[in-house]
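Biologist: Please take a close look at one helix pair for me. Then show me what lies around it.

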Amino acid sequence: MLTAGRTDPESGHLFMLCWGVAAFSIGCFLAFNLRGARDRFVAFLQAQQAQSGRTAPLRGTSAFPVVGTAFVVLGAGCTVLGAAEVFSVDAHSLFTRDRELGALTLAFPLFGLFALWGLWHRRGPLRAAWATGRAALRSAAALCCLALLGLTACLTLGLFTLGAFVLALTVVTAAITLLALPRRTPAT
């Protein structure tokens with residue numbers, strides 16, 4: 001039970017984890033312009049400025065990608081540190097083989113390669129991200145590939161604790177890549 005004067009060391013780590021996730025999310029929207037969120041926010045600011053009767057041009061919006069990138073880096077670091085402390089993960093346990101998988105040891109690399117092939121197929125989302133030519137989307141697609149390969153390696157080697165963290169990284173990079181893709185317009 002929490003009391004008013006008690007300070008719990010676990011709550012500081014939980015705060016770091018939550019703050020890291022929030023900062024990472026906001027940074028992704030600003031840096032990668034996910035689903036046009038940054039453009040809509042700038043349009044909102046311009047509308048507010050026009051409504052208030054000011055005629056001066058809107059300043060400071062060019063710093064959004066830089067601020068977003070800083071939030072992504074700081075948020076990712078705080079998330080990893082907070083998660084490691086909250087879940088009390090020992091560095092030695094990350095690289096300890098949990099169990100022997102037998103025939104599944106050969107299946108995991110095949111599943112990983114099949115997933116990469118599907119993502120890079122002619123209509124796959126990673127190929128679409130690469131085709132945009134934007135450096136941020138290309139790096140997100142490359143990071144998604146590396147995370148998927150890392151997840152495959154962790155599962156093949158039986159490192160399930162490390163695999164759980166790599167799975168989270170894979171899901172986050174895939175979500176960023178998919179959300180950052182330009183919207184497809186229907187053919188008319």
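Modeller: **A helix pair and the cores**

Helix α5 (residues 104–120) packs with helix α7 (residues 135–157) at an angle of about 165 degrees, and their axes are 8 Å apart. Helices here are DSSP runs (H or I, at least four residues), numbered from the N terminus. Axes are lines fitted to C-alpha atoms over the stretch in contact, and angles run from 0 to 180 degrees between N-to-C directions. So α5 and α7 are roughly antiparallel to each other, a term for angles over 145 degrees.

This is a predicted model: local features need pLDDT of at least 70, side-chain atom pairs count only at pLDDT 80 or more, and totals for chains, interfaces and linings use all residues. Residues are numbered from 1 along each chain as its sequence is written, and side-chain values use heavy atoms, without hydrogens and water.

Which residues meet? In α5 they include F108, G112 and L116; in α7 they include C145, L148 and T152. Contact means heavy atoms within 4.5 Å.

Now the cores. A nonpolar core is a set of buried Ala, Val, Leu, Ile, Met, Phe, Trp, Tyr and Cys residues joined through side-chain atoms within 4.5 Å. Buried means under 20% relative accessible area (1.4 Å probe, protein chains only). The largest nonpolar core has 18 residues, and C28, F32 and I176 have the most contacts inside it. Its largest share, six residues, comes from α7. Leaving aside neighbours within four places in sequence, I176 is in contact with F24, C28, F32, L34 and A140. A second, separate core has five residues, among them C154 and L159.

Notes. Helices (H or I, at least four residues) and strands (E, at least two) are DSSP runs, numbered from the N terminus. Angles under 35 degrees count as roughly parallel, over 145 as roughly antiparallel, 65 to 115 as roughly perpendicular and the rest as oblique. Buried means under 20% relative accessible area, exposed over 50%, partly exposed in between (1.4 Å probe, protein chains only).
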